[in-house]
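Here are a few exercises to work through with the model open beside you. Try each one before reading its solution.

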Amino acid sequence: MPTDRLPRRWQGVRLTAPDDAPSPASALADSEQPHPWFLTALQRGNRHTRLRTWSEGNDVRPLVHGRPYFRALAAAVEEMRSGDLLLYAGWRVDPDEIVADDGTTISRLVARAARRGVDVRGLIWRSQMDRLRFARRQNRRFAELVNAVGGQILLDQRVRPFGSHHQKFFVLRHPGRPELDRVFLGGIDVAHSRGDDASHHGDAQHVPFNRWYGGKPSWHDVQITAQGPAVRDVEECFRERWEDPASLSRRPGHLVRHLLDRPRVRPTPLPEPLPAPEPRGTAAVQLLRTYPQRRPGYPFAPQGERSVARGYAKALRRARRLVYLEDQYMWSTDVAEVFAEALRRQPRLQLVVVVPRFPDHEVDAPFPVALHAHTQALDVVRAAGGDRVHILDVEIDTGRPVYVHSKVCVVDDVWASVGSDNFNRRSWTHDSELTAAVVDGAQDPREPRDPGGLGDGARVFARGLRLELWREHLDLPDDTGLVDPDEAVQTLLSSVTALDAWYAGGCEGPRPRGRLRTHIMTTPTARQRRTAFLAYRAFVDPDGRPPQMKVRGHH
């Protein structure tokens, strides 16, 4: 098949321009053994990456909330010794964030590892100015503290204008001790406000926030830890970025400031990679990524990569009974349309979405950018699914809302994703993102054993993750009434209806059990929508695709 004749679509997924598709030989080899849920190499649409299509034999476990994640991370890093390799990519890191019960901070944890002879490397977003509530000073300070004792933490601004590096992961490699190799990956920054747990009393170290969340916001989030061959794949994501020869600063107008901005170290070569760890679990893992088109292009993705968008599109074509989402920003009509298509295709499919009750920042009434985008996206899915769409938010028993920062999707208790990407156009096209899609080889024996009816069988990881989250949100001690998708949605709606009615009745009598409520947002006026539209499209939710793909509507 000549390169210029590669199909524009492959198993229903729109492809990029022919010069960004894999070579015919790799496309043929990949198409011989397709996975029903994962993208093939051709469907990824990026022949320049060294990343494997997917890996099998992984042990993947969820870490729900920041405090359990921080404790697990601290314990794993403390086991590292001279000659080990610690890699970190992050959006924000607060150097004084406490990660262990003895008061150890993240900067002290990583600096101690560097002093022990651990090879510490990091890529942290060189963020925008502090008055926009980003973390330029915090990220720089963390890098200074670690680099002063031998680490190499780089402040990385190799992004598009108004873009960011949003990936959040750690890789821990141990030469001679591969049984300790592991990764932590997801949506949790090692930063203030994230150190909460299921009690939702908040993190004592917190950031300024929307007043409706109180002075110490409750924070809901999810990370995963994995051991097995996927460790090598996440490491490869880091290596590709580390080896990018482009200048760390992408902002010529701030060149002088960046030249004086310490630390500014030159990346030294990474040690030769170790072999992938041996299989030690039952889960298959595919890494999904977003990289924008950038000039000069990323060597490993010259036209960018949009496998996050493609991965969701493929998984949702198999959705039959229940799609469960948790997301910080469900506010893009482009993304909402992917879920709307699934709802229109499958009349039995139900969509449950848990979002924050309020944005993280105060809403300015004359210019409600987030409100405009959010209501538009929800209108799209509601128009497609009607009463099969359930948009909810979370509160604690005092009535104070919980800020939902997690980025989770579970489809029919088979395919699950946890990562850094939000369900908006920025995360699907513009910022760097990394998400793990997981299909566990172990099947859950509880009925219904095959909720989607496609022969997949419910999988232990996906079903277990959904049930853990629903038990917390509904304040339930076990999985009674939650396993079967239809019964689970009825259990959930009964709890939501009872709590909504309790509030409508003036809060008389005991508060019903559960934390979920119907998500209600004020509809912006036509004037507000007009004033918000341009800022939303240009700055808040920009499009990082190549021009030809924007015109054709391709990902």
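Helices (H or I, at least four residues) and strands (E, at least two) are DSSP runs, numbered from the N terminus. Residues are numbered from 1 along each chain as its sequence is written. This is a predicted model, so to speak of local features takes pLDDT of at least 70 and side-chain atom pairs count only at pLDDT 80 or more, while totals for chains, interfaces and linings use all residues, and side-chain values use heavy atoms, with hydrogens and water left out.

**Exercise 1. Find the stretch where pLDDT stays under 50.**

Start with the overall score: pLDDT, the predictor's confidence in each residue from 0 to 100, averages 88 for the protein, and 86% of the residues score at least 70. Next, go to residues 1-32, where pLDDT stays under 50. The model has 63 contacts (heavy atoms within 4.5 Å) beyond four places in sequence for residues 1-32.

**Exercise 2. Work out why strand β3 counts as largely enclosed, and which strands pair with β3.**

Take burial first, where buried means under 20% relative accessible area, exposed over 50% and partly exposed in between (1.4 Å probe, protein chains only). Seven of the ten residues of β3 (residues 55-64) are buried, so the rest of the structure largely encloses this strand.

Now the pairing, which needs at least two DSSP bridges between two strands. With β10 (residues 222-227), β3 pairs antiparallel over six bridges; Pro62 has Ile224 in β10 as its bridge partner. With β11 (residues 283-291), β3 is again antiparallel, over two bridges, and Asn58 stands opposite Ala283.

**Exercise 3. Describe the largest cavity and what lines it.**

A cavity is a set of points on a 1 Å grid over the protein atoms alone where a 1.4 Å probe fits but cannot get out; lining residues have an atom within 4 Å of a point. Points are joined across faces, edges and corners, and a volume is the space filled by probe spheres set on them.

There are four cavities of 30 Å³ or more, and the largest has about 130 Å³. Of its 15 lining residues, Gln328, Pro356, Phe358, Pro359 and His374 are the closest to the centre. Helix α10 (residues 369-385) gives the most to this lining, with three residues. By type, the lining splits into eleven nonpolar, three polar and one charged, with Ala, Val, Leu, Ile, Met, Phe, Trp, Tyr, Cys and Pro as nonpolar, Asp, Glu, Lys and Arg as charged, and the others, Gly among them, as polar.

Notes:
On a 1 Å grid over the protein atoms alone, a cavity is a set of points where a 1.4 Å probe fits but cannot get out, and a pocket is an open set with protein on both sides within 12 Å along at least five of seven lines; lining residues have an atom within 4 Å of a point.
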